[in-house]
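Subject: Structure for your review

Dear colleague,

Please find below the structure that I am handing over to you.

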Amino acid sequence: MEIEIFNKKDIDELYNFIVETINISYFGYYPEEAINYFIEYSNKQDILEDAGKNHVIVIKDKNIIIGTGTLKYTHIKRVFIKPTYQGKGLGRLIMNDLEEKAKNKNLKLIELHSSLFAKSFYDKLNYKMFKMKRVEVENGELLYYQRMSKRLSTYQYSNKYNIHKKNFKVVKNDGIDVEVNTETIFHFYQNDELIYAEYNGGKVKYGEIFGIIENETIYFYYSQENLVGEKNQGSSKDEIKMLENDKLQLIGKWEWKSKSGQGLCILEEI
């Protein structure tokens, strides 16, 4: 059994495999409404779009799909192993491939959403949790999941700065058609050298950032949705400074990945 790039002609087989795996693996962890949400989240259209733009892999046994995983920029998604093949190291094999692909793109970290079912698996692979999140699905039921990330950088971290549960405001952001502005607020979480933040306000409906601290610098990867529903991703390199009032300042040179544009953004701790 070897990893291969997903072929779009196998879309029906892959989708049916994912649906079967979700129904079996998530039973007992989630209500029916949440399971249906997971299935819709892995719809054929999104799979085909990722196959055209991103890295989608499968594992086959006797030409039958028994595993899959996807890497989209820094985000790992749709990692599934056929229930009868779970516990045989195939999930780790898929994750190793996706992580190596990210390293080859010179990414310093990767991140994912973990279901309740998969949390212990990602713990064993040294992913760190930042926040338990939830989505309300049909009939008022709740779907719980975790936001997690893992460092790919080999830099040796020193615990000099702490921005855990701190809020930051924008004091400057230049560039053409910027969406983050002085009305945007960032809410940060930190787990050792890894950072996670949620933000909204200004022209941003919702955004997320993952970052890693290296000495006096934070390398950020962000994704956001604006007020008209457009979603984009980018990155920044932020220098950390301590202000005279003992508050932190982040001075970041940013650049879009999904479209053209770059600029300078300054955040200050509130």
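The notes below describe what was found, grouped by topic.

This is a predicted model, in which local features need pLDDT of at least 70 and side-chain atom pairs count only at pLDDT 80 or more, while totals for chains, interfaces and linings use all residues. Residues are numbered from 1 along each chain as its sequence is written, and side-chain values use heavy atoms, with hydrogens and water left out.

Helices (H or I, at least four residues) and strands (E, at least two) are DSSP runs, numbered from the N terminus. Two strands are said to pair if DSSP finds at least two bridges between them. Strand β12 (residues 217–226) runs antiparallel to strand β13 (residues 231–242), and 9 bridges join them. Within this pairing, Gln224 has Asn232 of β13 as its bridge partner. The hairpin of β12 and β13 has 4 residues between the strands, and Gly229 there takes a positive phi near 90°.

β13 also pairs with strand β14 (residues 248–256), again in the antiparallel sense and over 9 bridges. Here Asp238 has Gly252 of β14 as its bridge partner. The hairpin of β13 and β14 has 5 residues between the strands, and Asp246 in the turn has a positive phi of about 70°.

The structure holds 18 aromatic pairs. Rings of Phe, Tyr and Trp (its six-membered ring) pair if their centres lie within 6.5 Å; planes under 30 degrees apart count as stacked, over 60 as edge-to-face and the rest as tilted. One of the pairs is Tyr73 with Tyr221, which is edge-to-face, at 5.9 Å centre to centre and with 80° between the planes. Because Tyr73 lies in the loop between β3 (64–72) and β4 (75–81) and Tyr221 in strand β12, the pair ties together parts that are 148 residues apart in sequence. Tyr73 and Tyr221 are both buried (under 20% relative accessible area; exposed is over 50% and partly exposed lies in between, with a 1.4 Å probe and protein chains only). Tyr26, Tyr29, Tyr30, Phe38 and Phe117 form one aromatic cluster.

Leu107 is in contact (heavy atoms within 4.5 Å) with Tyr73 and Tyr221, and also with Thr74, Ala102 and Leu152, not counting residues up to four places away in sequence. Leu107 sits in the loop between α4 (90–104) and β5 (109–115) and is buried, with a relative accessible area of 9%. The C-alpha atoms of Leu107 and Tyr219 are separated by 9.5 Å, although the two residues are 112 residues apart along the chain.

**Salt bridges**

A salt bridge is a side-chain nitrogen of Lys or Arg within 4 Å of a carboxyl oxygen of Asp or Glu. By this rule the count comes to 24 salt bridges.

Among them, Lys119 and Asp123 meet at 2.9 Å, N to O. These two residues are 4 apart in helix α5 (residues 119–124), which means that about one helical turn separates them. Lys119 is buried at 19% relative accessible area, whereas Asp123 is partly exposed at 35%.

Another salt bridge joins Arg151 and Glu193, with the closest N and O atoms 2.9 Å apart. Arg151 lies in strand β7 (residues 142–151) and Glu193 in the loop between β9 (185–191) and β10 (194–201), so this pair ties together parts that are 42 residues apart in sequence. Arg151 is partly exposed at 25% relative accessibility, and Glu193 is buried at 4%.

Glu269 and Lys247 form a salt bridge of 3.9 Å, N to O. This pair links distant parts of the chain, 22 residues apart: Glu269 is in strand β15 (residues 262–269) and Lys247 in the loop between β13 and β14. Finally, salt bridges that share partners join Glu111, Lys131, Lys133, Arg147, Glu198 and Glu208 into one network.

**A buried glutamate**

Glu33, in helix α2 (residues 32–41), is buried yet has no salt bridge. The nearest side chain of opposite charge, Arg134, is 15 Å away (Lys and Arg count as positive and Asp and Glu as negative; His and the chain ends are not counted). Leaving aside neighbours within four places in sequence, Glu33 is in contact with Val137, Glu138, Asn139 and Glu141. The side chains of Glu33 and Asn139 are joined by a polar contact of 2.8 Å. A polar contact is a pair of N or O atoms within 3.5 Å; within protein, one must be able to donate a hydrogen and the other to accept it, and residues adjacent in sequence count only if both atoms are side-chain atoms.

Yours sincerely
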